[in-house]
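I wanted to know how the parts of this protein sit against one another. I took the domains to begin with, then the helix pairs.

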Amino acid sequence: MRAGERAYDTLRGEILDGVLGPGTVLQEVEQSVRLGVSRTPVREALRRLAADGLVEPTARGTIVTAISRADIVALYELREALEARAAGLAARRRADAPFLAIRDRLHDAPRLLAEGEAGLTRYFEIVDDLDRAIDEAAANPFLGSALRSVQLHSARIRRLSRHNPDRLRAAAGEHELIVDAIIAGDAELASHATHVHLHRSLTNALASAPDDDVAAPPGADDGSRVA
């Protein structure tokens, strides 16, 4: 893997996981030392992250973007339009095998969610595989491109429910309903189940989010946090 690609993957993963929180300043020199690459790959990575909307240039340097409560609502408005449509298309155009396999894995969700961080990681891998299966079954490259952009930012918000066992168990059941509807070829039910899931996820995200920016670190406004 090229140095620029490695730097991008590492920084992207740390932002999505919340290791690099909103407001964190990403200085080229510090990041090049930390990641063990030259400044050029870091500069390339920061440009790509800016295009993703995960960082932005400021007078203090490149910082990790914040997610406000208004951003959460706006993102879910777009998710509902895109994901409900994709689920309906997947129900019409699917191959059963991928969804049958995912349904079998979702049956194991309660056990995974009780296993701590390792189990959570495996559970979210199932959710990510479901997103990819729906994307592929919908067979619409333009819709798929839009979905991947939305899912990138959704991953940051997903952290808000990561330590809410009741919400995670409920979400696993909602995912099963979506999968069952797709396997049954019921486009209307698949879209409706997706709508219900997103409505409940939004309610939880807003209930879990701080009043201001999501997970904004102390001192972020005065530039005191640097990574």
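Buried area here is the accessible area, taken with a 1.4 Å probe, that two parts lose on being put together, summed over both.

**Entry: domains.** I am working from a predicted model. I looked up the domain assignment, which gives domain 1 as 3-64 and domain 2 as 69-208. Taken over C-alpha atoms, the centres of domain 1 and domain 2 are separated by 28 Å. I then listed the contact between them, and found 10 residues from domain 1 and 5 residues from domain 2. How much area is buried between domain 1 and domain 2? I read about 630 Å², with carbon and sulfur atoms giving 61% of that. On the domain 1 side, I noted Leu16, Asp52 and Leu54 as the residues that lose the most area to domain 2. Together these three make up 56% of what that side buries.

**Entry: helix 1 and helix 3.** I looked at helix 1 (residues 3-16) against helix 3 (residues 39-52). Their axes are 8 Å apart and the packing angle is about 45°. Helix 1 and helix 3 are therefore oblique to each other. I logged their crossing as right-handed. From helix 1 the contact takes Ala3, Gly4, Glu5, Ala7, Tyr8, Leu11, Arg12 and Ile15, and these meet Pro41, Glu44, Ala45, Leu46, Arg48, Leu49 and Asp52 in helix 3. I sorted the contact by class and got 9 nonpolar, 1 polar and 5 charged residues.

**Entry: helix 7 and helix 9.** Next I took helix 7 (residues 117-138) with helix 9 (residues 165-183), whose axes lie 12 Å apart at an angle of about 30°. That angle makes helix 7 roughly parallel to helix 9, because angles under 35 degrees count as such. Helix 7 passes helix 9 in a left-handed crossing. Which residues of helix 7 meet helix 9? I found Leu120, Tyr123, Phe124, Val127, Leu130 and Ile134. Their partners in helix 9 are Leu168, Ala171, Ala172, His175, Ile178, Val179 and Ile182.

**Entry: helix 4 and helix 7.** I also checked helix 4 (residues 69-93) against helix 7. The packing angle is about 65° and the axes are 7 Å apart. I logged this crossing of helix 4 and helix 7 as left-handed. Ala86, Ala87, Leu89, Ala90 and Arg93 in helix 4 meet Ile134, Ala137 and Ala138 in helix 7. The residues of this contact divide into 7 nonpolar, no polar and 1 charged. I note that Ile134 is listed in the contact with helix 9 and in the contact with helix 4.

Methods
Residues are numbered from 1 along each chain as its sequence is written. This is a predicted model: local features need pLDDT of at least 70, side-chain atom pairs count only at pLDDT 80 or more; totals for chains, interfaces and linings use all residues. Side-chain values use heavy atoms; hydrogens and water are left out. Axes are lines fitted to C-alpha atoms, for helices over the stretch in contact, and angles run from 0 to 180 degrees between N-to-C directions. Helices (H or I, at least four residues) and strands (E, at least two) are DSSP runs, numbered from the N terminus. Angles under 35 degrees count as roughly parallel, over 145 as roughly antiparallel, 65 to 115 as roughly perpendicular and the rest as oblique. A crossing is left-handed if the near helix is turned anticlockwise from the far one by less than a right angle, and right-handed if clockwise. Contact means heavy atoms within 4.5 Å. Ala, Val, Leu, Ile, Met, Phe, Trp, Tyr, Cys and Pro count as nonpolar, Asp, Glu, Lys and Arg as charged, and the others, Gly among them, as polar. Domain bounds come from an automatic or database domain assignment.
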